[in-house]
Amino acid sequence: LYKTDRQDPVAFQGVQPAIDRMQAHTDYEGGYLQARWTRTSSSGSESVVQFSYDRNRLDYSTVGGNMHNLTADFQKRTQTGERNEIYWGAGFQQYWDDSQSYRLLSFNPSAEVIRSGDIVLRDEWQAVPGLLTASAGVRVDYISFGDVEYQPSLRLLYTPKPNQSAWLAVSRAVRTPNRTDRDVVGDLGTITVPGVGIPVSVIETGSKSMRSEVARTAEGGYRFQSGQRWSVDASGFFSVYERLRSVDFAVAPQLVISGSSVYLRLPVHAANSGAGRSYGGEVWGTIQARRGWRLIPSYSYVKDDRWLPASLPAYYYGWDHTPSDLRHQGTVRSQHDLARNWQVDLMARARSRDYTYGLPGVLLIDARLNWHPVRGTEISLSLQNLTDRHVFETVSEGVTPAIPTRRTFVVQWRQRF
């Protein structure tokens, strides 16, 4: 469970370079519940049933609403031979919400229910026992507004020695359209269109014809472990993106006559005109500094590039937001066993400056205390942003404003039966 009620200086991006600045409230409250049941009938057969429900209430100065998400999943692992295992399963998800518009933003319709289901099948085969393992699978999703998506993957694991392994993988993944993509209505203000010379109202809307964004990824990695003292992992990836979300519009505005009012309107709609690529890598390790004390350092680099078709004199392709460009990130985590049932974690995390928005680099400190009073029970107290530095870690996207981080307390309880 969580609840926050805060006042922040908030900026909302309109038609560039216009920015609407205000002192506004950004309230959040909600909760999350998850249950998982595992049954192992033999070493080669296992069944897992998982259920989750979360409810979130958002209250911004522009829009508010209640959001609910319910999921149910079943997974089955069956060993069909000495060198082969098959994994299969099915899942269901229902999302529903109701929204209220205060200013600038709204959803049409104001309330919606979205259901989806999925089927998963994966085959894992030891091509050369103890040396080479191959895994291939596919996930097929169906969404209530009519889309069917497939997400295949292929993975190879090579283990030349017990303390070394290397892997390669290729996959296709999707991001299905959400409520903002399909139903948002935003008043972006007014502009003067070249050749028209008078103010024109700009309205951005979602589109029912939005399709899923697609990522095709190739990745690989290597692991080396030196006994129980330390280990190091390295991985890299290259991804190609298709059908990225964009905003398209015809440059000619519409003449609107409403009662005694006459004005020009320029409708901007969501589309899938964008494309892109990204590449990067990560290196991390585990060091057993002493008994009951582990250090886990890591470093990652990510570079993203996006592009659109060339705009025409009468038609324009654009982005509705520009993502952050945080290329370098690093962490150092210290895990210490204070006693048999008490652990304390400290983590320092740093990132480079944001190359898109010019936000400076930052170093933040987190702390967590874990207590296991009885077997199967874990209670933790986390303190995020220990030094209470007020910095932006993200930028505004769509209807969600960017909010500076503050010191945050989180209490979590986990029970296993």
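The mean pLDDT of the protein chain in this predicted model is 88, and 90% of its residues reach 70 or more. Confidence is lowest in strand β1, residues 2-13, where the mean is 62; strand β10, residues 164-175, has the highest, at 97. Where pLDDT is low, the predicted coordinates should not be read in detail. The protein chain contains 23 strands and one helix.

**Overall dimensions and burial**

- Taken along the principal axes, the C-alpha atoms of the protein chain fill a box of roughly 80 × 45 × 35 Å.
- Of the 417 residues in the protein chain, 33% are buried.

- Two or more residues of the nonpolar patch come from each of β21 (362-371), β22 (377-384) and β23 (408-415).
- Strand β23 gives the largest share of the nonpolar patch, three residues.
- Leu 338 belongs to strand β19, residues 328-339.
- Leu 338 counts as exposed because its relative accessible area is 51%, and the cut-off for exposed is over 50%.

**Salt bridges**

- Side chains of opposite charge can pair when their charged atoms come close.
- The count of salt bridges in the structure is 22.
- Asp 305 and Arg 277 form a salt bridge, with 3.6 Å between the closest N and O atoms.
- This pair links distant parts of the chain, since Asp 305 is in strand β17 (residues 293-307) and Arg 277 in strand β16 (residues 261-290), 28 residues apart.
- Asp 305 is partly exposed at a relative accessible area of 22%, and Arg 277 is also partly exposed, at 37%.
- Asp 345 and Arg 368 meet through their side chains in a salt bridge of 2.9 Å, N to O.
- The pair again links distant parts of the chain: Asp 345 sits in strand β20 (residues 342-351) and Arg 368 in strand β21, 23 residues apart.
- Asp 345 is buried, with 8% relative accessibility, whereas Arg 368 is partly exposed, with a relative accessible area of 27%.
- One network, joined by salt bridges that share partners, takes in Arg 175, Asp 181, Glu 204, Glu 213 and Arg 245.

- Arg 327 is located in the loop between β18 (315-318) and β19.
- The relative accessible area of Arg 327 is 22%, so this residue is partly exposed.
- A salt bridge joins the side chains of Arg 327 and Asp 325, at 3.2 Å from N to O.
- Asp 325 is buried, with a relative accessible area of 11%.
- The charged end of Arg 327 also sits over the ring of Tyr 355, at 4.2 Å from the ring centre.
- Arg 327 and Gly 280 are 47 residues apart along the chain, and their C-alpha atoms are separated by 8.7 Å.

**Aromatic rings**

- Six aromatic pairs are present in the structure.
- One of the pairs, Tyr 315 with Tyr 317, is edge-to-face, with 5.3 Å centre to centre and 65° between the planes.
- Tyr 315 is partly exposed, at 24% relative accessibility.
- The ring of Tyr 150 has the charged end of Arg 172 over it, 4.2 Å from the ring centre.

**Backbone details**

- The peptide bond joining Asn 108 and Pro 109 is cis, with omega about 5°.
- Pro 109 is in the loop between β6 (105-107) and β7 (111-128).
- Asn 385 lies in the loop between β22 and β23 and has a positive phi, near 60°, although this residue is not glycine.
- Asn 385 is buried because its relative accessibility is 2%, against a cut-off of under 20%.
- Asp 388 is found in the loop between β22 and β23, and the phi of Asp 388, a residue other than glycine, is positive at about 55°.
- Asp 388 is partly exposed, with a relative accessible area of 28%.

Definitions and conventions. Residues are numbered from 1 along each chain as its sequence is written. Side-chain values use heavy atoms; hydrogens and water are left out. pLDDT is the predictor's confidence in each residue, from 0 to 100. Helices (H or I, at least four residues) and strands (E, at least two) are DSSP runs, numbered from the N terminus. Buried means under 20% relative accessible area, exposed over 50%, partly exposed in between (1.4 Å probe, protein chains only). Rings of Phe, Tyr and Trp (its six-membered ring) pair if their centres lie within 6.5 Å; planes under 30 degrees apart count as stacked, over 60 as edge-to-face and the rest as tilted. A charge sits over a ring if NZ of Lys or CZ of Arg is within 6 Å of the ring centre and within 35 degrees of the ring normal. A salt bridge is a side-chain nitrogen of Lys or Arg within 4 Å of a carboxyl oxygen of Asp or Glu.
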